[in-house]
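Colleague: I am new to this one. Could you walk me through how to read it?

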Amino acid sequence: MTEPLEMELRLATEVAVRAGELLIERLGRIERIEHKRPKDVVTEVDHLSEALILEAIRATFPADAILAEESGSSDGTSGRTWVVDPLDGTINYANGIPFFCVSVALLSDGRPAVGVIHDPVRGETFAARRGGPATLDGRPIRASEKPLLSDFVVSLALDGPRLEARLRAIRDAIRVSRRLGSAALALAYVANGRFDAFVQTHGLSAWDVAAAGLIAECAGARVSDLAGGPFLDLARPGGELGVVAAPPAHHGRLLELVRPD
């Protein structure tokens with residue numbers, strides 16, 4: 001018997017790996033870099049990767065809607081939406097820094113149902129489907145079980161009022177913070193404890209968090225917005241999401257430390 005969402009998870013995995021192969025093939029051979037915003041860039045490789053992913057989705061699930069970082073949204077009739085980031089960490093990629101990924105998610109009833117994060121540099125694939133385990137290359141993984149917040153290594157990106165005071169408070173509470181340049185991959189790292197927690201208070205979009213948030217959740221982490229509610233809200237404009245992901249025992253304390261109010 002076919003498991004629920006098995007076909008969707010298989011497609012997301014296969015197409016993310018294929019897109020990752022394209023990224024590696026073109027790494028160091030970028031022909032065009034454009035500025036989307038003053039501090040954000042896009043390359044022709046982003047567009048090629050996205051076209052590859054979207055073609056496969058449309059061929060297999062033509063009734064599904066799509067929300068993609070570069071080409072925007074297209075309507076569907078199924079009530080489901082694929083959320084695609086063909087290259088998360090484009091600045092890293094354009095500068096030859098080997099930390100970037102492909103993110104593919106499927107939403108059903110507005111909630112993440114399938115999520116895949118593929119890291120082509122390391123050949124690693126994080127994956128999950130709603131109600132199932134999170135996996136890394138097919139093996140089940142779990143979020144951090146460290147008992148002390150003071151031992152935490154946290155992917156941290158803060159902004160807003162009282163920034164220095166809030167940074168000082170959270171850095172005093174944890175072991176060390178890092179910022180690696182690909183939010184989706186860093187959030188996926190919460191799923192197997194490479195990061196004990198992920199905190200970013202602003203600047204995230206649906207395609208940054210849809211897949212990785214589900215993977216972290218299925219691995220046992222609590223993932224929320226800054227109010228403690230659902231981490232994904234398609235009604236929020238791109239770039240306005242904030243997310244905290246951490247083991248349940250420490251999630252509330254991290255929220256207290258990072259909130260601007």
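Modeller: We will go through a sheet, a helix pair, a strand, an aromatic pair and a serine. Keep in mind that this is a predicted model.

Colleague: In what sense do β14 and β15 pair?

Modeller: Compare the strand directions, then look at the bridges. β14 and β15 (residues 241-246) are antiparallel, with three bridges between them. For one of the residues, S224, the bridge partner in β15 is V244.

Colleague: Now two helices. At what angle do α4 and α7 pack?

Modeller: Take the axes and compare their directions. For α4 (residues 163-173) and α7 (residues 248-258) the angle is about 150 degrees, and the axes are 8 Å apart. An angle over 145 degrees counts as roughly antiparallel, so α4 is roughly antiparallel to α7.

Colleague: Which residues make that contact?

Modeller: From α4 come R166, A169, I170 and A173. From α7 come L254, L257 and V258. Sort them by class next: six are nonpolar, none is polar and one is charged.

Colleague: Let us move to β3. Are its faces covered or open?

Modeller: Side chains along a strand can be checked face by face. In β3 (residues 65-68) both faces are covered. A65 and L67 are buried on one side, and I66 and A68 are buried on the other.

Colleague: How many bridges join β3 to β5, and how many join β3 to β4?

Modeller: Take one partner at a time. With β5 (residues 80-88), β3 pairs in the parallel sense over four bridges. There L67 stands opposite V83. With β4 (residues 72-74), β3 runs antiparallel, and three bridges join them. A68 has G72 of β4 as its bridge partner.

Colleague: How many aromatic pairs does the structure hold?

Modeller: Five. For any pair, check the distance between ring centres, then the angle between planes. F126 and Y189 are 6.0 Å apart centre to centre, with 45 degrees between the planes, and the pair is tilted.

Colleague: Where do F126 and Y189 lie in the chain?

Modeller: They belong to distant parts, 63 residues apart. F126 is in β8 (residues 124-129), while Y189 is in the loop between α5 (183-188) and β13 (197-204). Both F126 and Y189 are buried.

Colleague: Last, the serine. Why is S155 called buried?

Modeller: The test is relative accessible area, and buried means under 20%. S155 has 6%, so it is buried. Its place is in β11 (residues 153-157).

Colleague: Which residues does S155 touch?

Modeller: Leave out residues up to four places away in sequence, and S155 touches R178, A186, F195, A197, F198 and V199.

Definitions and conventions
Residues numbered from 1 in each chain as written. Predicted model: local features only at pLDDT ≥ 70, side-chain atom pairs only at ≥ 80, totals over all residues. Heavy atoms only, no water. Axes fitted to C-alpha atoms, helices over the stretch in contact; angles between N-to-C directions. Parallel < 35°, antiparallel > 145°, perpendicular 65-115°, else oblique. Contact = heavy atoms within 4.5 Å. Nonpolar A, V, L, I, M, F, W, Y, C, P; charged D, E, K, R; others polar. Buried < 20%, exposed > 50% of the residue type's maximum accessible area, 1.4 Å probe, protein only. Pairing = 2+ DSSP bridges. Phe/Tyr/Trp six-rings, centres within 6.5 Å; stacked < 30°, edge-to-face > 60°.
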